[in-house]
Amino acid sequence: MYLYNLTLQQATGIVSAINGNFSGGKIQEIVVARGKILSLLRPDELGKLQTLHSVEIFGCIRSLAQFRLTGAQKDYIVVGSDSGRIVILEYNKEKNVFDKVHQETFGKSGCRRIVPGQYLAIDPKGRAVMIEAHKSHTIVYSICGVDCGFDNPIFAAIELDYSEADQDSTGVAAGEAQKHLTFYELDLGLNHVSRKWSDQVDNGANMLVTVPGGGDGPSGVLVCAENFVIYKNQGHPDIRAVIPRRADLPEERGVLIVSAATHKQKSMFFFLLQTEYGDIFKVTLEHGNDGVTELKIKYFDTIPVTASMCVLKTGFLFAASEFGNHALYQFQAIGDDPDVESSSSTLMETEEGFQPVFFQPRGLKNLVRIDRAESLMPIMDMKIANLFEEETPQIYSLCGRGPRSSLRILRPGLAISEMAVSQLPGVPSAVWTVKKNVNDAFDAYIVVSFANATLVLSIGETVEEVSDSGFLDTTPSLAVSLIGDDSLMQVHPNGIRHIREDGRINEWRTPGKRTTVKVGSNGLQVVIALSGGELIYFEVDMTGQLMEVEKHEMSGDVACLDIAPVPEGRQRSRFLAVGSYDNTIRILSLDPDDCMQVLSVQSVSSPPESLLFLEVKASIGGEDGADHPANLFLNAGLQNGVLFRTVVDMITGQLSDSRSRFLGLRAPKLFSVKVRGRPAMLCLSSRPWLGYIHQGHFLLTPLSYETLEFAASFSSDQCAEGVVSVAGDALRVFTIEQSDQGSYTAEEREAARKECFEAAGMGENGNGNMNQMENGGDDEDKEDPLCDEQYGYPKAESNKWVSCIRVLDPRTAATTCLLELQDNEAAFRFIHIYRFLEDGRSLELLHKTQVEGVPLALCQFQGRLLAGIGSVLRLYDLGKKRLLRKCENKLFPNSIVSIQTYRDRIYVGDIQESFHFCKYRRDENQLYIFSDDVVPRWLTASYHIDFDTMAGADKFGNVYFVRLPQDVSDEIEEDPTGGKIKWEQGRLNGAPNKVEEIVQFHVGDVVTSLQKASLIPGGGECVLYGTVMGSLGALLPFTSRDDVDFFSHLEMHMRQEHPPLCGRDHMAYRSAYFPVKDVVDGDLCEQFPTLPLDLQRKIADELDRTPGRY
């Protein structure tokens, strides 16, 4: 089995974020690390976050920092990764790529404690960068640069020496271990680092923040510790202030700072520190010639807990949330109004310790949210089902944690923003938009055709019907367009109506009893097809008049027509495409020398229904970051639902490099639209698809929208790049939200809470009441100023739990049943049996059975229940009052976390020891383990592939498939007495047989869910996986050996010619724990179009191919 791994949706969680001027100038940008992906974001004028560039580094980003050389205008990025190398990157805005400026190797690869790279600190003047180095027997908690002007750079670190604790078996020394704040100085003259100063700090210290120095401030550092913020500097007394705490927080819970941001202007600076509960505090220092005299901590606002905060000089705060959606806030104020404040001058010490300061959270006062970025992190579980009865199944995922958890419904496709829907007086057949002049920015009319009439709507402040446009409204229309510079053309069954700018109308009538059936035009040329197959060709002459040029008889009726766009600087286009019912497409010449001569013929599998020429202009290092020559593509929608695409030679008109793809059950209709200023293609089959160029290659992606009949591009002052379409009796206007993250849209149905079994989930959930859990998604925090999502659940004392079971209707997002588990039951050991009522809309408790361990896995098996309770696999039958034990097997090594069944086989996943294959013998009422794995695997997800094959994922980010050898499988099935399985000797302290590993791949992210599905109508099945970082990926099986050879060789060449950005070896990364086996890395192969053209040609020549024209 050979598989192709492809990321469908890039990771959406953020582990680290920095801000600066990376493209030069005064533009503020944000660089975020999403595990193995580095992205550059920029807020636009409206405050919407745009992704400028995103690149996979095939490694784990451990740390991120930015610096600016003295006197420079742009910032550089320093990346610490698991490659054992530190890399300095520069953003190249011309090519839209990150360029590697410098790479320094200093250690082994991998995230090891002995290899630096977890912490980075930058000298504020941009002269040095410090990677935390591991002294023996020392743990580093945080490091930062100390701002000391242009003196020798100094770096600060919180360290803990555990050498004594290691040698003391009683644990006394470990309890007395003391954290220290240490200053290291880099002597620029000697190029030597010395330990300058060390002082004890609170043992709760976890974070350092640089205080501006030189001429801007007092220098030194802020030490964030449990319940306190302390200002420290060499030769300066400690200035300490208590962090205000929520009034409802239990006494035993401390307050820790988890993220910080600094804002510095010429005359002032302040810090924003966020606690683990989401409260942000503004910290200011009173300082003079004597140093710092007072430290003040004032309550600022409360937002969801962040992994990183960035204060932009343009007045924005970017909050990269730990879980749930990220947000961009705008500052309304900087917290100068009076609020709850603690200060070093009012610090009171009592016998119990320092006097706490209390506050009550409130709604946002200093910040206002203006944009949010979707984040699925972490995907806890995922199921694929077609509950909406659409062409493709939906992905239902449980995302987030605690109060930020949500059930999201994902569909393959680009997101749509619906602008307007209006009912029409009948069922329309077509719609067009036209400008009055070729230089107009916006459309003037929407023209809708019905079976026996044409409706003209004028676009202005409102859209209203007009009757003085010159269009004939008593007949249906076949085409409406701008012709020449300022004339309008309406083609109807009986002729052509040409409406001049001054209102004069010219009519051309069809000869005899023949009618117009098809039409193609491009603004300067028009070809109509009459019934019977006659083509008539018109051109716009110098005076703007429409002149008949040529007639041509085709052998049969014409199925569809299109004329190629006019090339820049030309009077006419040379190519006309004609589709016939004899399953052919012909390219005809429109040149005066050989007008209507056939240049080439293409046979197709079914009669063509629609044709569209798409011109791709040449680009060299353009905004999409890729070089590609000018190309002309001919697209054809065939009656059997296939989109056929071929390249037209721009000189000879010959056709080459044909590709086809099945889109749906209806013949695709093709329309030209604009996406980000570039021509794109809208294909309307049983669902809409968009074909567009992104980063140099052609993408065909479904739109997350209902079936449409006809469409046209739409541009007005409210909606610059939209689409107007008809479906049923409604006219719809929408825009396409092009996402760079991947082609999955998330519909947040409801913040349906998943009360996890993990201690993390339980501890956070507290004992909040369930009514508060009913709060909806993000949009409701306006009505409810203290919603749980924003402020978290009330925190409970230890050993308190809360859980509920919820039944949701995904169509209406309504909760049909909510059962709260009483008396701390989530943490205790029961198996509940429920009966479904009202067609599955609600649940009724039948009974509950107490068991001796925590049942982590349940599965139905032949009308009974299999339960994994600790290391015991037990079979239960349903009794009237409780579950009845039937048989059990206690030979599993650790703890059972997954059970799958097929026929009489049982596939059991152990938390630490991979899969065990079991068989149930009904005549003996016994469960036998007949095969297991030789590799210990910490399972996080599993899926049953076929009778002998299981797919699994472990906590180190590996996905693997194991298969029972065919001869062993046959032996087990053909054992009539069961004696062999019963008496066989175990091997390697386990089962008598061993499974073989047939697939192994390191994803680089912990996989939490595996599912098997087909996401394309008529397509093959693939294995989908969801990860902790919120990404979705697929493993697609290859169907031919040729494909395997081609992609394996392409991957090999890409490894050589395009090594990962941050210095990690690609082969070593994909084989981080086990050697990669029989999987081709699609994410690496997909980077081929982003290579320079000469490199593309070089690789293509070695593979005996031509570079694919995308």
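Tutor: Here's a walk through one annotated stretch and its sheet, with a surface patch to finish. Keep in mind that this is a predicted model. The stretch to look at is residues 141–341, which an unreviewed UniProt entry annotates as "domain: RSE1/DDB1/CPSF1 first beta-propeller".

Now pick out an open sheet of four strands, ordered E12-E13-E14-E15 and paired antiparallel. At its edges you'll find E12 (138–146) and E15 (192–200); each has a single partner strand, so one side of each has no neighbour in the sheet. If you look along the sheet, neighbouring strands are turned against each other by 25 degrees on average, ignoring direction.

Zoom in on E13 and E14 next. E13 takes in residues 154–161 and E14 residues 179–187, and the two pair in the antiparallel sense over seven bridges.

For the surface, move along to Trp938, Phe956 and Tyr1073, which make a nonpolar patch of about 290 Å². Phe956 sits in the loop between strand E78 (949–954) and strand E79 (958–963). Its relative accessible area is 36%, so Phe956 counts as partly exposed; a patch residue needs over 30%.

Methods:
Residues are numbered from 1 along each chain as its sequence is written. This is a predicted model: local features need pLDDT of at least 70, side-chain atom pairs count only at pLDDT 80 or more; totals for chains, interfaces and linings use all residues. Side-chain values use heavy atoms; hydrogens and water are left out. UniProt positions are given in the numbering used here, feature names are shortened, and annotations may be inferred rather than shown by experiment. Two strands pair if DSSP finds at least two bridges between them. Axes are lines fitted to C-alpha atoms, for helices over the stretch in contact, and angles run from 0 to 180 degrees between N-to-C directions. Patches are made of residues with over 30% relative accessible area and no salt bridge: like charges are joined within 9 Å, nonpolar side chains (Val, Leu, Ile, Met, Phe, Trp, Tyr) within 5 Å. Accessible areas come from the Shrake-Rupley method with a 1.4 Å probe; for residues, only the protein chains shown count as cover. A salt bridge is a side-chain nitrogen of Lys or Arg within 4 Å of a carboxyl oxygen of Asp or Glu. Buried means under 20% relative accessible area, exposed over 50%, partly exposed in between (1.4 Å probe, protein chains only).
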